[in-house]
Amino acid sequence: MSENGTKKRSFSVIGSSLPRIDGPAKCAGDTRYADDIVMPRMLFCRLLRSPHAHALIHDVSTRRALELPGVHAVVTGEDVPTKFGIMPSTQDEEALAVDKVRYVGDPVAAVAAVSEDAAEEALRLIDVDYEVLDPILSIEGAIEAEDHRIHTWNRRANIQKAVSFEFGEVDAGFEEADEIFEGTYFFQGNTHLPMEQYCALATYTPDGKLTLWSSTQTPHYVHRALSRVLDLPMGRIRVIATPVGGGFGGKSDPFSHEIAVAKLAMITGRPVKITLNREESFYVHRGRHPVKMWMRTGVKRDGTLTGMWFRSFLDGGGYSSYGLATVYYTGALQTVTYKLPSYKFEGVRVFTNKPPCGPKRGHGTPQPRFAMEVQLDEIAEKLGLDPVEMRLKQVVEPDSVTVNGLRVSTIGLRECIEKVAERSGWKDKHRSLPRGHGIGFAASSYISGAGLPIYWNDMPHSGVQIRADRGGGVTVFCGSTDIGQGSDSILAFAVAEELGLQPDDVRVFTADTDLTPVDLGSYSSRVTVMTGNAAIQACGSLRERLFEVAAEVLEVPADDLEMEEGRVRSRSLPERGLGFAECVERAEARFGTLGATGSYRPPRHPGDYKGAGVGPTPSYSYSAAVVELHCDGDTGEIHIDKVWIAHDCGRAFNPLWVQGQVEGSVYMALGEVLMEEQIFRKSGVHKIPSILEYKSPTTLETPPIETILVETDDPEGPFGAKEAGQGPLLPVIPAVSNAVYDAVGVRIHEIPVTPDKILRALDQRLKEPTVPDFAFPTPIRWAPGQGVEVPQKS
Amino acid sequence: MLRLPDFTYIRPRTLAAASSALEELGAEAMAVAGGTDVYPKMKRGQFTPRYLVSLGQVEEHRGLRREEGRGLWVGAGETLSAVAGHEVVRREFPALAAAAGLVSTLQLRNAGTIGGNLFVDTRCNYYDQSFFWRQAVGFCLKKDGDICLVAPKSRVCLAICSSDTAPVLSSLGAEAVLVSGQGSRQVPLDTLYRDDGIDYLAKRPEELLQGVWIPEASFGWRNVYLKLRRRGSFDFPVLGVAAALRMSATGTCDAAKVVLTAVASAPKVVEDAPRVLCGRPVDTASIEEAAELAMRVSHPLDNADMDYWYRKRMTRVYVTRALRQLTTAGETAGGPEAAPA
């Protein structure tokens, strides 16, 4: 029996396309989202937001607001001055700005009133004395403004983090090259745009306990932040993540509005709720970083990579958020797709007076992947090679270590590439379609969960408890948060498979810090692998007791037992068995109340340099995409005809759900590559903070998508599974750009690829993106062979 | 969420009563039909009426019917879906079916009326924003401020005519019937628009649109509407081209009208187009000339989606395509069978 799931010839539940366990409630309108919660005596909160991009606050007067009938409390920065932030080393956020605002929309005060109308009216009665400062709105502006700082805690003005690495000998790599290619690229920022806006509700009961319901992806981190800012022990705080109507990374930070309602509930003793409107969601943001990039690649004449030097410049917005991780991620995963013998990476994230950027589906990796896959397409073109063949020749080997110390276990990239090429008719179409029609290819990789937690500790990343009921039901408790990706269903499937039950027999209880063991949250595509493994371990522990009892009753050895079809039975004599419920009763009679726990912590990777914490993961997923499109030469408009996408998901827990994740990723990628832009006016105000004017595709703009699932049965994955929620976004973006070149012969080095840019390029008027001058720190050097020896499996 | 402010809702049964209510209540009252534009604008503080005079109970502005000798009556209270799906409209005036069918989304077309679309408020990226946003940027001429943020030297507001159906009905020579307490009057639809983003309608505030007549003489004209927008769903036009041609039996063009939308505060008639199109067969040369003339009078500004130079350049492309469609596809009366999109 494998630690990662029962070794069976076939699975009974895993691999079947049953509907999700949350499906019926969602279809019937019965799911209770945060905003559906209504409580007696509930007050409504609104936040006063800064109209200035950059300003000092000299005074906030709440007197007039407090006099308004219906207003129960008003809090300002002075009431919650403790700084917080998702990353322990960059705690630079305030729930309500204390002495400075850093972007238009930065919260300054919070009101609790008997109605939203009264709360809104009260906001207009709060007098803030601002001293307006010049806003810094560009990467170049941030680097140049040495005497004009957005924050004071950071060493170099407006530089949040600058990193530099050299893996292997990059100079030697370039010397060995027959050709060297260089290019600059720009990836515009964009936002998550989930259907459900942010919402949170808090109660503070007379026993001195605080409860927060919130639409969050990370209840555990919110729990920690509330404790810190409100100065309450974690044991007196309960955080419940409500069903999340879409997150995509945007609900992964602790937020001002969560702290505000908690504080207001403590002051008023009444439930306080806040629901942000769509415009505010654009200000909360934490979306895709705008990144300027420069990439130099050395290749042999046959396309073999000899070295790569990559620079990224991230426009971080007003606060750190996850930015520390993001800057590393822009350089981490270039090495895990194709063999790269030497690699230099320099990255910097700057502060600007715009809403903070953070993690969005693919977190920091779609930008460099765009640069890299477009550059590889150009290299193949210049060398007269087929871009698919060129990549196939140098796919990373399984069970290998990359030049930057990442441990690759299984890799289905070759099969992904071959399948999309075959299904799309790549060979017949590439450079052969009529003018205006084009086909493009790209491939990519993503992590199945971050190898390290956000805060340093030796505890599990995910914990699961299960409890067996005398009636034969099983309840699973886990801190994981279903944000629509199906993580609750994953738990039900894993437990059902392990215990020979149906998913309907399993009740799933998640995302409640009082009742469920910690899971770090729904980010970094970690949940299936980590909760799945924890659930399997818990089931294994429960099963041992059940088998011990069953072995006696059935008079067969315990190692001959299996759990199938609701029974504990002999493998060799399948007619000899007893029902699950009966087995549970007998086991409870023997051992007392039945329960078990399981937990998971990812394996180490070889890299041991400072900064090696970003990139490691239990397993890498792989994707390859082919996009066919046509482009109107008069209007520059692009019509996507079809997307073929293959994804190495290790094993499809449920092919239907994986396909849903893949299609969702393709849809989101097309929005980013074709139209979405988080853009600002010269004053720093968001240009288009509405769902009408922030252009994102609808169902009508979504082309046919053919999804191909590749299974590699990863030894680290539960039943062999890897991630599927983020990786498939990555290859689509460069594949579109490459297809545009195939169609009309112009290279567009920036995202989004809009009709006006295509016309400019056709007129040879489109300027290449630029990158600023910046003095990066001396690189940290590392090469394979250094570092820690690690087993291939945790 | 953004809250809808309090207001008093008045439900008269006739247009005359509605008009009287508007006149009596003055600037604090607004008429509302489908409400698809009014209510969001109230939430954002762009419209701040204390009274809403609903046209929902009124019957006399409904109806879509052919009257021999008079033409096609299109009641202002008909929904955009009803207009787009009407048999005569689809057969004779595919441009109108297309324009009505391309407004926003299906749900909003089922609620929004053609009257509402003809008189829809002009749009601008500096104006179609929440109160918070406009306060942060600084208020503009059109609401609460005294400067045009698109062109600070401009004395008039430069918000854009964003109606899809207005250019089409203009190209078909439609006549509008306006009703007030003093009776009704019929005027060419064209004359109701003014190139001023604030006072964009040349009518008294209490005058209500009962409907439009597409005159008998317009039957048989080939007609088409092409719309530029980012997405094929949902979006307002950032350029619209309505073209109508009357072809003689010998194949020459007798009469022509090309009207643009979303390039000014009013629908923009390309005045010189008939000069180059009429009296000869419509061919590549005359199409190119007409398209060039259209581009010259097209003046998009940086206050809508997509770059203004791009929208200007697209004027030529879209006019060319519209005229080509009329001369190649449309041999039957009324032009192309399917509504072009």
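This is a predicted model: local features need pLDDT of at least 70, side-chain atom pairs count only at pLDDT 80 or more; totals for chains, interfaces and linings use all residues.
Residues are numbered from 1 along each chain as its sequence is written, while chains are lettered from A and ligands numbered from 1 in the order in which they are written.

**Helix pair α17 and α18 of chain A**

- Helix α17 (residues 655-674) and helix α18 (residues 732-744) of chain A pack at an angle of about 50°, with 8 Å between their axes. Helices (H or I, at least four residues) and strands (E, at least two) are DSSP runs, numbered from the N terminus; axes are lines fitted to C-alpha atoms, for helices over the stretch in contact, and angles run from 0 to 180 degrees between N-to-C directions.
- The crossing of α17(A) and α18(A) is right-handed, that is, the near helix is turned clockwise from the far one by less than a right angle.
- V666(A), A669(A), L670(A), E672(A) and V673(A) of α17(A) meet V732(A), I733(A) and V736(A) of α18(A); contact requires C-beta atoms, placed from the backbone, within 7 Å.
- Seven residues of this contact are nonpolar, none is polar and one is charged. Ala, Val, Leu, Ile, Met, Phe, Trp, Tyr, Cys and Pro count as nonpolar, Asp, Glu, Lys and Arg as charged, and the others, Gly among them, as polar.

**Seven-stranded sheet of chain A**

- An open sheet with mixed pairing has the strand order β3-β5-β1-β12-β9-β10-β11 in chain A; two strands pair if DSSP finds at least two bridges between them.
- Strands β3 (71-76) and β11 (237-241) of chain A each have a single partner strand, so one side of each is left without a neighbour in the sheet.
- Strands β9 (residues 199-205) and β12 (residues 272-275) of chain A run antiparallel and are joined by four bridges, with C199(A) opposite T275(A) in β12(A).
- Helix α6 (residues 219-230) of chain A lies across β10 (209-214) and β11, at about 150° to β11(A).
- Helix α7 (residues 256-268) of chain A runs at about 25° to β9(A) and lies across strands including β1 (43-49) and β5 (107-113).

**Four-stranded sheet of chain A**

- The order β21-β20-β19-β25 describes an open sheet of four strands in chain A, with mixed pairing.
- Five bridges link the antiparallel strands β19 (residues 462-468) and β20 (residues 474-478) of chain A; Q465(A) stands opposite F477(A) in β20(A).
- Helix α14 (residues 487-499) of chain A lies across β19, β20 and β21, at about 140° to β21(A).
- Helix α15 (residues 527-554) of chain A lies across β19, β20 and β25, at about 145° to β25(A).

- Chain B is divided into domain 1 (8-57) and domain 2 (64-119 + 160-328), with bounds from an automatic or database domain assignment.
- Between these domains of chain B, 14 residues of domain 1 are in contact with 16 residues of domain 2. Helix α1 (residues 15-25) of chain B gives the largest share of the domain 1 side, seven residues.
- The contact between the chains takes 21 residues from chain B and 26 residues from chain A. The largest share of the chain B side, five residues, comes from α8(B).

Technical notes
Two residues are in contact if their C-beta atoms, placed from the backbone, lie within 7 Å.
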